[in-house]
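Visitor: Hi, I have a structure open and would like a quick walk through it. Could you show me what we are looking at?

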Amino acid sequence: TFGADCPELTFFIAAPDASTALKASAVLGKLHRQASVVDLAAEWPHMVRDSEDALFVHGRKQVSGANHKDLLLFAHLAKQGVRDWVC
């Protein structure tokens, strides 16, 4: 990622639970000090959640929420009034 060159670095996840969201935030904060995590599932609890079983390398045993997450991250940015979201 080109995150080191960005003033802010935000990762959007759809965590299966609050504990996973906290772990993701802690890990990413150690990797990039300017990194933050937005758990879209906290705002939209009925969305398709991230799952290892939805990954291609795991044989896609579950439905991927990638498109769902893309749409909701734009809704989140719009609610926050973020206009410049690409570094």
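Guide: Happy to. One term before we start: a polar contact is a pair of N or O atoms within 3.5 Å, and within protein one must be able to donate a hydrogen and the other to accept it. Please also keep in mind that this is a predicted model.

Visitor: Noted. Which side chains are joined by a polar contact of 3.3 Å?

Guide: Those of His 76 and Glu 43. His 76 is found in helix α3.

Visitor: Is His 76 buried or exposed?

Guide: Buried, because its relative accessibility is 12% and the cut-off for buried is under 20%.

Visitor: What else is His 76 in contact with, leaving aside its neighbours within four places in sequence?

Guide: Besides Glu 43, His 76 is in contact with Phe 12, Val 38, Leu 40 and Trp 44.

Visitor: Back to Glu 43. Which residue forms a salt bridge with it?

Guide: Lys 79 does, with the closest N and O atoms 2.9 Å apart. This pair links distant parts of the chain, as Lys 79 is in helix α3 and Glu 43 is in helix α2, 36 residues apart.

Visitor: How many salt bridges does a search of the whole structure find?

Guide: One.

Visitor: And how accessible are the two partners?

Guide: Lys 79 counts as exposed, at 56% relative accessibility. Glu 43 is partly exposed, with a relative accessible area of 31%.

Visitor: Let me zoom out. What pattern does the protein chain follow along the sequence?

Guide: The pattern is β-α-β-α-α, with three helices and two strands in the chain. Of the 87 residues, 28% are buried. The accessible surface comes to about 6,400 Å², and carbon and sulfur atoms account for 58% of that.

Visitor: What about contacts across the sequence?

Guide: Take the contacts between residues at least 6 apart in sequence: 64% of them join residues at least 24 apart.

Visitor: New topic, the core. Which residues are in the largest nonpolar core?

Guide: That core has 10 residues: Phe 12, Ala 14, Val 38, Leu 40, Ala 41, Trp 44, Met 47, Leu 72, Leu 73 and Leu 77. Two elements give two or more residues to this core, α2 (40–43) and α3 (66–80). The largest share, three residues, comes from α3.

Visitor: Can you tell me about Leu 73?

Guide: Leu 73 lies in helix α3 and counts as buried, at 14% relative accessibility. Leaving aside neighbours within four places in sequence, Leu 73 is in contact with Phe 12 and Leu 40. The C-alpha atoms of Leu 73 and Asp 39 are 9.5 Å apart, and these residues are 34 residues apart along the chain.

Visitor: Now a charged one. Why does Lys 69 count as buried?

Guide: Because Lys 69 has 15% relative accessibility, and buried means under 20%. Lys 69 is found in helix α3. Beyond its neighbours within four places in sequence, Lys 69 is in contact with Phe 12, Ile 13, Ala 14, Leu 40, Met 47 and Asp 50.

Visitor: And what does Ala 14 touch?

Guide: Not counting residues up to four places away in sequence, Ala 14 touches Asp 39, Ala 41, Met 47, Val 48, Arg 49, Asp 50 and Lys 69.

Visitor: Last one: what caps the N-terminal end of α1?

Guide: Asp 17, with a side-chain oxygen 3.2 Å from the backbone nitrogen of Ser 19. Helix α1 covers residues 18–31, so 14 residues, and reaches 20 Å from its first C-alpha to its last, close to the 20 Å expected at 1.5 Å a residue.

How values were computed:
Residues numbered from 1 in each chain as written. Predicted model: local features only at pLDDT ≥ 70, side-chain atom pairs only at ≥ 80, totals over all residues. Heavy atoms only, no water. Core = buried A, V, L, I, M, F, W, Y, C linked by side-chain atoms within 4.5 Å. Buried < 20%, exposed > 50% of the residue type's maximum accessible area, 1.4 Å probe, protein only. Helix = DSSP H or I, 4+ residues; strand = E, 2+ residues; numbered from the N terminus. Contact = heavy atoms within 4.5 Å. Areas by Shrake-Rupley, 256 points an atom, 1.4 Å probe, with all protein chains shown as cover. Salt bridge = Lys/Arg side-chain N within 4 Å of Asp/Glu carboxyl O.
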